[in-house]
Structures are given as structure tokens and as C-alpha cells.
Amino acid sequence: LSAMGEPSMDPAIAADSPAQQDSLFSMTDVFLISLITGLFTYWFFFRKKKEEVPELPKMQTVAAPVRDSSFIEKMKKTGRNIVVFYGSQTGTAEEFANRLAKDAHRYGLRGMAADPEEYDLSDLSRLSEIDKSLAVFCMATYGEGDPTDNAQDFYDWLQEADADLSGLRFAVFGLGNKTYEHFNAMGKYVDKRLEELGAQRIFELGLGDDDGNLEEDFITWREQFWPAVCEHFGVEATGEESSIRQYELVVHTDVNMNKVYTGEMGRLKSYENQKPPFDAKNPFLAQVTENRKLNEGGERHLMHLELDISNSKIRYESGDHVAVYPANDSSLVNQIGEILGTDLDTVMSLNNLDEESNKKHPFPCPTSYRTALTYYLDITNPPRTNVLYELAQYASDSGEQERLRKMASSAAEGKALYLSWVVEARRNILAILQDMPSLRPPIDHLCELLPRLQARYYSIASSSKVHPNSIHICAVTVEYETKTGRLNKGVATSWLRSKVPGQQGSSSQVPMYVRKSQFRLPFKPSTPVIMIGPGTGIAPFMGFIQERAWLKQQGKEVGETVLYYGCRHEREDYLYREELARFQKEGVLTQLNVAFSRDQAEKVYVQHLLKKNKENVWKLVNEGMAHIYVCGDARNMARDVQNTFYEIVSEFGNMSQPQAVDYVKKLMTKGRYSLDVWS
């Protein structure tokens, strides 16, 4: 029974014995005290956590920047009525946009330049809410008729938009290059599409040609554009052009040097503390592991460099481009400092006088004049006319002042003088200061006026399948004598040439990032490829051939790999001769056709070899469905090669010239005729 009674714990039995009762109370006390203590402890810590946890997201929410993506609200707030959007890859379209925005004040109007990437362009339909409003578009075309990186979203929106833009007044100036197949495609498209959406064009489309004189094209368009604006809005010019500073100088005498930019493109100290992902605003500092001369003779210096991208998480494909940020020659920088009598190590900031502007400084600030002139400003290209106009006020000699103003004018005589004295003579800012002894501008105003030093793009000469931690560059140093007898050197190629592998510090480092390209090998390795690339145009094909060799090693069926390469002399500048011979011996390179243009009386180029092998070329294209790739000079070579394909298609396809042209254009549309060209 007792065994049965233990679990029942009958309270009547338990109350019978006082000893048992005392024991029960003490147990209850311990139990209750423990329970109360436990509950109190749990409640205390739990309550505390409950209070503290929400504090973190609250702080983060307050700190997070809120981007105002409405340019309409910004224009209303700041009293602007003209907005100039720019699609810019190298900074020229942005420069033109700034000049147009600055012009507006001469007509009692107020303008602002705007990056389309920073705003919601569907707001264009609301621009008519602002009196005397106008949208101007300075649109550069990049590559083969593509939008620039910062205009890609705008381009996509235009293609998909069904907005009613009937209240919008607009004008477009396009920046292109006639040597390219799709001359000014972006400018033409924006102009046409805005009209289709109901917008009103108030002045004709301007087409600037960088192969000619882009600056003159812009000035000619601009001098007719403003009278059209005046007529449309019924306004008049308020008077002469005046020099208005956009930035104010602040000199830092007592500054923490850890807060001073020393060449970084975006984040302060980004070169000391590298963090992926790496891009145009956050380049990776790659070590140069190899820098060798490729040519055996001749006056030129052709070079092969290898950049180490280990631990960067940078990925690339054969055909992509590597962008490098060069530095100006220190001797040019020092000479500018000497001529202007400036301490180049002065730390300063140039702060935008327009507090509402998204662009607070023309380049990363605070920094020193030396850093600005070395890493941020273009001091080697001939300055544009607006720079000459602004500088004219600082020439103490009336003759020099008049000469500068004349070159900056829209008069035919002034344009001719600018063309001969600045453009054709390749006078950079240093040469102008040397040749005009009375011209001594304040260095801060000069820094405000000079354009930004741009990244230089090179076709990658390697395959990531073979070299996953290395990017190869093939380049030729640019060096020439100007009409004034000066020796001008290419900024990037001279700087790359000076890189010493294995050394510590900047002497062996290259700030770089990768830009994706459409220049791609066929999806199927069995598809034949015809590659045409004379000179340094061979670069992407070294990557292509390396990749085809790798695919073959993996047991894949690899189609015919045909190369047409050209150089001046077999014994001087035959690039990658040994590597190409090895690839041919291994059976990866099925055809190696080389044109030595100057080894005989009559010049022989790649297009002549294509004509010589025309039957084989047609068979590969027509029956083998081969992909054609052309890399190198756009002005002559690419055009001559394309004309040769027209002839081959016409002859063997039994087509008329227009039909042959259409056939080749269709190959381009299908991605079977690709170009990676420059002028």
C-alpha cells in the first residue's frame, strides 16, 4: 500500500505529523524563493534587452542618406529652368553640359548640369511645371553604338517608356566619331525617341565628330542653339560673357594629413585599405609582375605587362577591357608650379559655390596642388576654347589677351587660329603658359578649369581560364615631336613603361578595374573564328587563342582558329612571334597569316591577305558559320577590312554590293562580326 500511496501524496496523511509539516514548509520556501529570484533575474535581463535591441536599427535609419532623385524638385528649389543631362564616358560630354548650364545666365535663365544616373528621368513629363523650362542632352556614344555607362538606365527607360512628353521642350548634342560604324548612335536615338514620345524639339540635333574637331562642332552648334532658345522663350542676351567662378578656394594651413587625398579616386585611404568590389570609383592597386619589350628593333617601344590581381576577387573574360588610372609626368607638374610661382604642396579644397549641387568638388578634396596636377587633372591634351576664354583675363599683355579671346570666339578667324595654334600644334597648358609669358593665372582657377584625367582602356591580352590571377596588357608607347619642336609623350603608355616589377610602392603598382565587353568567343568551341588584328590589335586574340588551347586540353572539340596579323617589319615588331609559332605547332592556331607592310616595295596589309585567301574565308563564313573579330585602328584598317568582306561576300555569294553590305550588317546584328576598335 505504501508503495501505492507515495505518488498520490495525500494531503490528509501529510498533515497528520508536525515533523513532516515543518519539512514541507522549508521546501516550499526554498522553492518559492528560487522561483521569485529566477523570475526577477529573467525579467530584468529580458526587459533590458527588449529596450536595447530596437536602438540599433533606429540609429542606422537616421544615419542612412536619403537620395532625392527628383531633378524637378531640385530645379524648383534652386530656381533653375534649364537642365543639361550628360551621357559621358571620358568626361567631354560632362564638360560640354557644364558649359551650356553656365551659359544660361547670359539670357536671364538658370541652368544645371545633371548626371542621368542620379535622377529619375520619368520626371521629364513634369518639366513643363517650370516656366521657360528646357531639357538639353549632351550624349556621347560609346563603343559600337552603345550608351555610356552613366546613361544606360536612361537608354533602357527610353526604350520601354510610353510616357507622354508633350509638354517637354528639348535639344540634343551628340558626341561621336565618324570612323566608327554607328556614328553618334546615342545622340540620334535620344533625339528621335523624345520626339516620338511627344516632346518638342526647339533646335536641331548637333553631331560632334571627334575624328575631326569636336570642339569646333560644339561651338558652331552652341552659337546657333542659344539664339533659337531666345527666340522660343522671347528672351535676350543680358550682355557679354562674364567669367563666373564655380568653386571657391579654401587653403588648409592646419590639417590632419590623414584626411588629405593623395590620388584616390573615391574613398579616402582606399589604396591603403583595399576593399572589393573594385570599379571606376574604387580601383584595385595591382602589382606589375612583368614588363618586357616585345619588339626587337625600330624606334617604337612595344610592351607586354602583367598585372597581379590575386585576392582582388576581380573576374574577367577574354575580350574584356582593363582600365588603368595613369599619373602625369612629374617634370610637367613641376614646370607648371615653377611658372606660376606656386608651392605645389599647399593643401587646399575647391568647394562648389552652389551648395545644392551634387558635385561638391571638381576632384577629391582636400588635396595638394601637386596631387591634383599629377592624378586628377588632364595637363597634356590641348585645352578647349572655354579654358582659353577664362584664362584670357590673367594675361597682362593686351596682345596675348586678345589672341586668347579670339581663339575662344566663334568667328571664323578665331576658329582657324585655335585649330592651327592649339590643336594642330598640340599645345598643352604648359606649352601655352611657356609661349605666353604674360599669362599667369592663379593656380586654383587653372585647376578648376582643367578637365579630369581619365582612365585609359586596353584590350586584355590573356585568358582567365589560363591566367585567373593575372591580366595582360599589350601597348605601344606614344611619343612624337610637335610642330613647335616639343616632345609630347602619351600619359598612360609612358607611365606604364616606367613600371618596375618587384619594387615596393607606386613604382610597381597600377590602379585598375575591369570593364566588361561584348567582344566574346562563340558559345560553342567548335565554331570557327577568324581574327583580324594588326599591331597591338593582336591583344584580345592572345586571350582568345589561349582559351581555345585550354578548351582543347579539356578534351573539347575546337573549331578552326584563324589569325590575320600585321606589323611593319618581320625582324622588328612581330609581336608574340614565339607564342604564336608554338600555338600553330600545337594545332590550336590552324592558320597564321602575317602581313609585313614595309618589308617590300609595295605595302601589304591584312586586307590584302584576306583577299588572297578569299575562297577559304567565304567557306568558313558561309558554310562553317564562322565568327569574325576585328581589333585595332578604326580610321583605316577596320574600314578597309570591312570593305574587303563586302567584296568577298559579293563575289562568292553572287550578290550585288548593297546585298553584300546588308549580309555583313546582318552578321554584326547576330554577333558574328564583332569590332574592338579605336581611333
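**Reading the cavities in a predicted model**

User: How do I read a cavity?

Analyst: Rolling a probe the size of a water molecule over the atoms shows where empty space is left. Here a cavity is a set of points, on a 1 Å grid over the protein atoms alone, where a 1.4 Å probe fits but cannot get out. This is a predicted model, and totals for linings use all residues. Residues are numbered from 1 along each chain as its sequence is written.

User: What volume does the largest cavity have?

Analyst: About 40 Å³; a volume is the space filled by probe spheres set on the points, with grid points joined across faces, edges and corners.

User: Which residues line the largest cavity?

Analyst: Lining residues have an atom within 4 Å of a point. Among them are Asn-213, Glu-216, Met-407 and Tyr-418. Helix H9 (214–233) and helix H14 (412–424) each give at least two lining residues; helices are DSSP runs (H or I, at least four residues), numbered from the N terminus. At least three come from each of domain 1 (71–233) and domain 3 (327–454), with bounds from an automatic or database domain assignment.

User: How do the residue classes divide there?

Analyst: The lining of the largest cavity has 3 nonpolar, 4 polar and 3 charged residues. Asp, Glu, Lys and Arg count as charged; Ala, Val, Leu, Ile, Met, Phe, Trp, Tyr, Cys and Pro as nonpolar; the others, Gly among them, as polar.

User: What about the second largest cavity?

Analyst: Its volume is about 30 Å³, and its lining has 2 nonpolar, 1 polar and 6 charged residues, including Glu-296, Arg-571 and Asp-573.

Conventions:
Predicted model: local features only at pLDDT ≥ 70, side-chain atom pairs only at ≥ 80, totals over all residues. Heavy atoms only, no water. 1 Å grid on protein atoms, 1.4 Å probe; cavity = no way out; pocket = protein on both sides within 12 Å on 5 of 7 lines; lining within 4 Å.
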